[in-house]
Amino acid sequence: MKKIISLLLVVLMAAGLLACGGGGQNGNIETSGTETQTPDASASETAAAPPDGGADTPAVSADAPQNVGYIDDPVDHFARDTYQIAYLSPAFMFLQQSWFAAMQAFEERLNFKVTSFTGENNSDTYLTNIELIASQGYDGIIMDCEQPVAVRAYEIIEETGVPYIAFVQSLLDENGKTVCPQVVLDQYDTGKKTIDWLIANYKSYWGEIDASTLGLIDCTVTTSPDLALRAVAPEEIFKATFPEGHYFMADMAAAGGVTADAAYTQVMATVSAHPEIEHWWVTGSTEFFGSGSARVFDDLGKVDDALVCVVGAGANIVDWDSMTPDTKSSLVACLAISDLLYAAPAVSGVIALIDGRATKETLWRDKTPADWQFGTDYGVWLVENDIITRDTYKTYFEEINAKYLLSGGHTD
Amino acid sequence: MESAKGFKKFFNEKMVTLLVLLVIVVAAFTVLSKNGSYLHPANIRNIFSLMVVTSLLTLAVGCLMISGNIDLSTGANGTLCGILFALLLQGGVAWPVALIATLLIGMAIGAFNATLVNIVGFQPFIATMAVASVAKGLTYVANNAVAVPVKDPVITWIGTERFFNNLLPVTLIIAIVAFVFYTVLMGATEFGRSVYLIGGNREAARLSGIHPVKISYILFINSGMLSALAGILLAARLKSGTVTGVVNMQFSGMTAAMLGGVSFGGGSGGFGGVFIGMLIINGFNNGLTVLGVSSYWQTVASGVLLLFALTVDYLNMKRRGKRVSKRG
C-alpha cells in the first residue's frame, strides 16, 4: 500500500513539474508569441538601450510624443518584440489577482506578456524575487512594494537596471520621497470621500438625527502606512462635524489583518459594547472591512440603523451581486477603483520606459500634483476613483470596461 | 556479493536519498527553464540567499527536535528581537552593544520557554506557542507596529555586502559557519551525543548520568539566541526592522529539518541532511518561480515534495527495521 502511495506521489510530482514546464498559470518567459524577446538579453542590456531606441524601437506616429505612457499612446506596439513584464507583489491574494487579471487584459492590445511574482508575505523572498526577475531576463517590473522594505528594494532594483514603476504603494527613500514613477491612490483623499459621502447622504436614510446618538467605527490597519492614511480623514472630519458623536477606531493589525472576519470581530465588539448608540457609520481602509461590518448589522438586526461606506469595491460587489432587490443591507456605498484604471497606466508606463521613449525622470511628469506629499521629482499617476452605490455600481463598471477594453484595441 | 550489499546499503542512506532528490530537482528545472536560466549564477545566489535566515531558525528548532522538544516561538522571538535591535540602533546604541543586548533578550525568551517546559511542566508545544503570542504582541507594542529603519553602516554592510563578483553574500557566510558549527557540535561532541540520547530515550539518558533538564535549558536558550540572530540578520538584509520579520520563515525551517531527516520523535537526524533538505526546498520553490508557476500551485507542489521525501524516508526506515529483526 505504501509503495503505491509513494508511486502516486512520484507521479504527482513529475506531473507537476511537467505542468510547470508547460507554462503554468502565469505563463513562462518562453511565450507563444512569434516575436518573443530573447530571454538571454540581460536586464542591464535592456536598461542600457539608448533612449532613442535602436532596431527594436517602436514606430511612433507623427503626433508623438504626446500621451507617452498613456493607454492611448499612439505608438505601434507591434513594431517590436513582445515584452516580458513582471508584476511583483508582497502577496497574491484577491486584490493582487484582480490587478494581475486587469494587466493581462491589455496583453494583446499592447503586445506584452505579464507574469506574477509574489513575496508570499516574506520580505526576504520579495527582495530576492527582484534579483530573480532580473536574472531571468524580464524587460520591466511593475512593483507593489511595502514601505518597510522600500529602501532596500529600491537599492536592489537600481542595481539590476531593469525599468520599473511603483504600483499601488509608493516607493519612498529614507527621507520619505518618491524615487520613481508610480501609479497610486491619494490615500487621504479616498478616506475623505467616504466620510464626505456619508455626511452628504445620511439624511436620505434616517432624516434628522441627534448627533449624540451617532457613532463612527473607522476600520484601519496601522501596520500599513498607506492603508492607515485612508482612515485619517474620516476621524478628522467626523470629529469636526459631529463633536457630540462617538468615534471608535478599529485596528485590524493585530486582530487578523485585512480580512472581513477581522472587521466582523472588531465591529461586533464595538457595537455590542455601546447599546446607547442608536446610529452607526462604518468607514474602512479596505473593501473587506465593508463586508465584515455589514454582516455585523445583519446579525444584530440593525441593518436600518447602520450605513457602511468603505474604500474599495471588489468584495462589496460580490456581496451586492448575491443580494435580491428586496435584501436589506447596511453596505450602502463604497469607493470604487476599477482594476483597469490601475492596470492601464501601469502597463503603458512601464512599456514606455522599456521602449526608451520615456525615462523615470520624464514619465507622467504632467500628471504629478504640484503639492504631492511625497515630492514631485517623479511622475505620480493618481488613479481615478468614484463613490458607487448598490444602484450605480453596474453602470460604473460597464462604462469603465467599455472605455478601456472595447475601444482602441489592436485590430491586426 | 559484498560490494552489491555495500551498494544497496549506500543507497538506503537518508543522505543519498536527499542528494538524488536534489539532483532530480536541479536537472528538471534546468531542462524546463528557458536556456537553462535556472542555473544562471545570479539565480543560484538567489537560492542560497533565501536560506540564510531560515537556516538559523532551522538550526534552532532542529537541535530541539533532536532532543524530542519543539519551539514554536522562534519566528515571533526573532521578529521581536529584529525590531528591538533596530530600535536600539535608532536610539544611538553602538552596534556591538545592541547586538549583544538583543541576543541576550532572545536567550532570555528561550530560558523562559525552558522554565515553562521543565519547571512548570507545560507541553513544549503549548508553552512556546503562548510565548510566541506574547512576543508577537510585544513586537507591535515596541514601535506601534511601525517598521524601524536600520542605518548603521556596519550592520547594513553585513546585511547587503557580497564578495566574489557579487555572488557570495556576507550573511550566507554567517549561515554556512553556523551550519558547520552545529554539524560538528551535534555529530562529533559529547554534548551532541547527549542530545541524541535524550531524544531517543530521556529516562535512559538520565540513568546514564546525563542531565536532561540542563540540556533542555541549553537548547531552548540556544534556540532563543539563534532566533534573535535570525531577526538581526533579516533586519540587516532589509535595512529595516519589520513587524512581519521572520514569522513566516518558522515553518519553512521546521519543514527543512523534517525533510533533512530530523524526526519529530527525537533522537535522529543530522544537519548535513538538513542542509541538503533546505537546498531542495529552496531550489524547488525557486524553480517554480522561475517557470512562472502561480504561488498557489507552488504551495501545493512544495507539500507534495515534502510528502514524497517523508514517504521515501519511512519506507527506508521500515526496510531497515525488517532487516534488523531478521538478523535478530
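Why does Leu233(B) count as buried? In this predicted model, Leu233(B) counts as buried because its relative accessibility is 4%, which falls under the 20% cut-off.

**Surroundings of Leu233(B)**

Leu233(B) belongs to helix α12 of chain B, which covers residues 212-238. Apart from residues up to four places away in sequence, Leu233(B) touches Val52(B), Leu56(B), Ile158(B), Thr171(B) and Ile174(B). The C-alpha atom of Leu233(B) is separated by 9.6 Å from that of Gly78(B), although the two residues are 155 residues apart along the chain.

**Helix α9 of chain B**

One of the residues touched by Leu233(B) is Thr171(B), which is itself among the buried residues of α9(B). The buried residues of this helix are Val170(B), Thr171(B), Leu172(B), Ala175(B), Ala178(B), Phe179(B), Tyr182(B), Leu185(B) and Met186(B). An α-helix has 3.6 residues a turn, so residues three or four places apart point the same way. Helix α9 of chain B spans residues 170-188, 19 residues in total, and reaches 27 Å from its first C-alpha to its last, close to the 27 Å expected at 1.5 Å a residue.

**The interface between chains A and B**

The size of an interface is often given as the accessible area lost when the parts come together. For chain A and chain B the buried area is about 4,300 Å², with carbon and sulfur atoms giving 61% of that area. Contact involves 47 residues of chain A and 52 residues of chain B.

| Interaction between chain A and chain B | Count |
|---|---|
| Salt bridges | four salt bridges |
| Polar contacts (both residues at pLDDT 80 or more) | nine residue pairs |

On the side of chain A that touches chain B, the elements that give two or more residues are α1 (2-21), β2 (112-118), α5 (123-135) and α6 (150-160) of chain A. The residues of that side divide into 17 nonpolar, 20 polar and ten charged. A salt bridge is formed by Glu131(A) with Arg162(B), their closest N and O atoms being 2.4 Å apart.

**Thr118(A) in strand β2**

Thr118(A) lies in strand β2 of chain A. Thr118(A) counts as buried because its relative accessibility is 8%, under the 20% cut-off. The side chain of Thr118(A) reaches the backbone nitrogen of Glu120(A) at 2.9 Å. Leaving aside neighbours within four places in sequence, Thr118(A) is in contact with Leu88(A), Ser89(A), Pro90(A), Ala91(A), Phe92(A), Thr125(A) and Asn129(A), and also with Ser295(B) of chain B.

How values were computed. Residues numbered from 1 in each chain as written. Chains lettered and ligands numbered in written order. Predicted model: local features only at pLDDT ≥ 70, side-chain atom pairs only at ≥ 80, totals over all residues. Heavy atoms only, no water. Contact = heavy atoms within 4.5 Å. Buried area = accessible area lost by both parts, 1.4 Å probe. Salt bridge = Lys/Arg side-chain N within 4 Å of Asp/Glu carboxyl O. Polar contact = N/O pair within 3.5 Å; in protein donor to acceptor, adjacent residues only side chain to side chain. Helix = DSSP H or I, 4+ residues; strand = E, 2+ residues; numbered from the N terminus. Nonpolar A, V, L, I, M, F, W, Y, C, P; charged D, E, K, R; others polar. Expected span 1.5 Å × (residues − 1). Buried < 20%, exposed > 50% of the residue type's maximum accessible area, 1.4 Å probe, protein only.
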